[in-house]
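Reader: I have a model open and want to go through it with you. Can you put it up here first?

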Amino acid sequence: VSRAQNTRITDRNTIGWFGQFTTLRFSSKWSGHLEYQWRRDELVRNWQQSLFRTGMNYQVNSRLTLRAGYAWIETFPYGDIPLQAAGKRFPEHRIFQMLTLNDQLNRVEMSHRLMLEQRWIGRYTNPVLSKPDDFVFLNRLRYMYRMQWAIGKKKIGDKTPYAALYDEILIGFGKNVNENVFDQNRLGLLIGYRFSPKFRVEGGLIQQLLQLGREVNNRNVFQYNNGIVFNSFFNFDLSKGSH
C-alpha cells in the first residue's frame, strides 16, 4: 500500500513563456521595474498563466541590487490534472522581496538571485462557484543561479550575442504548505543579443518541473513542462543630469 501511495503521477505539457521586462532608472541608486509574462500551454494555443509584476530597485553597489514589489497572477486550468481540484482559473496576489548579487569569473558573468514571496492564492470551497470565495496565504523562497557569456567577444557589450544558462528552485514553507515544500524547479538555456544599453532579447529552451500542492488518489502529481521561452528587455534612463 505504501508503495502505491508513493507512486508519482506524471503530467507532461509543452509550454511557451513570453516575457517583457522594463527598467526605468530614476537616479544612480533607484529604478522602477515593470514586467509582464504571457505563459502558454501547447506552446501558444492555451493559457497557462498571466503574470504582471512591478517593483522598486535600490542599487546598493555595482554588485548588489535590492527589489521589493507586487505581482498579480491569473493561473488557468491546463494539462491533464489542474493545479486546483475545482479545475478553474484562479487569481493570486503576491508581494515579494528580492536581492541580486552579480559576480564575474574570467569571461563568465554570474548572478545569484534570492527572492522571498508572500502569496494570497484564490481558491474555490465549492466547485460549482463561478468565482473563488477564499484566499490561502503561502510563503515561498526562490533561489536562481544564472551564468552568461559573450559569443565571439571577450565580454557582453553593444551588438553582442551571448549564451546564458540558469536554474531556479522554488521552495514553499509555512503552515499552509501541503504537499509541495518542493514547489518547482526551472532550468533554462538561452541565446541572446544585446543591441544597446537600452534593448536586448533572449530566447531558448525551458524546463519547468512542478509539484502540485494536492494529491490525486493519495499520489503526488508532478508536471514536466518543457518548451520555449522568449524575453525582451528595455532600459530607460529617466534621471536628469545623470551623465
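Reader: Start with the second largest cavity. How do the residues of its lining divide by type?

Author: The lining of the second largest cavity divides into six nonpolar residues, two polar and one charged. Here Ala, Val, Leu, Ile, Met, Phe, Trp, Tyr, Cys and Pro count as nonpolar, Asp, Glu, Lys and Arg as charged, and the others, Gly among them, as polar.

Reader: Which residues line the second largest cavity?

Author: F76, P77, Y78, P82, L83, Q84, G87, K88 and F90 line the second largest cavity. A cavity is a set of points on a 1 Å grid over the protein atoms alone where a 1.4 Å probe fits but cannot get out, and lining residues have an atom within 4 Å of a point.

Reader: What volume does the second largest cavity have?

Author: About 30 Å³. A volume is the space filled by probe spheres set on the points, and grid points are joined across faces, edges and corners. There are two cavities of 30 Å³ or more.

Reader: Where do these numbers come from?

Author: This is a predicted model, with residues numbered from 1 along each chain as its sequence is written. Local features need pLDDT of at least 70, side-chain atom pairs count only at pLDDT 80 or more, totals for chains, interfaces and linings use all residues, and side-chain values use heavy atoms, with hydrogens and water left out.

Reader: OK, the fold. What do the strands form?

Author: Eleven strands, β1 to β11 in order, form a closed barrel with mixed pairing. Strands are DSSP runs (E, at least two residues) numbered from the N terminus, and two of them pair if DSSP finds at least two bridges between them.

Reader: How many bridges between β7 and β8?

Author: Twelve, in the antiparallel sense, between β7 (residues 134-150) and β8 (residues 160-173). R142 stands opposite L170 in β8, and N139 stands opposite F173 in β8. β8 also pairs with β9 (residues 182-196), antiparallel over twelve bridges, and there Y166 stands opposite G188.

Reader: Switching to R25. Buried or partly exposed?

Author: R25 is partly exposed because its relative accessible area is 24%, and that class lies between buried, under 20%, and exposed, over 50% (1.4 Å probe, protein chains only). R25 is found in β1 (residues 9-25).

Reader: What is R25 in contact with?

Author: Leaving aside neighbours within four places in sequence, R25 is in contact (heavy atoms within 4.5 Å) with W30, S31, Q59, F236, D237, L238 and S239.

Note on methods
Helix = DSSP H or I, 4+ residues; strand = E, 2+ residues; numbered from the N terminus. 1 Å grid on protein atoms, 1.4 Å probe; cavity = no way out; pocket = protein on both sides within 12 Å on 5 of 7 lines; lining within 4 Å.
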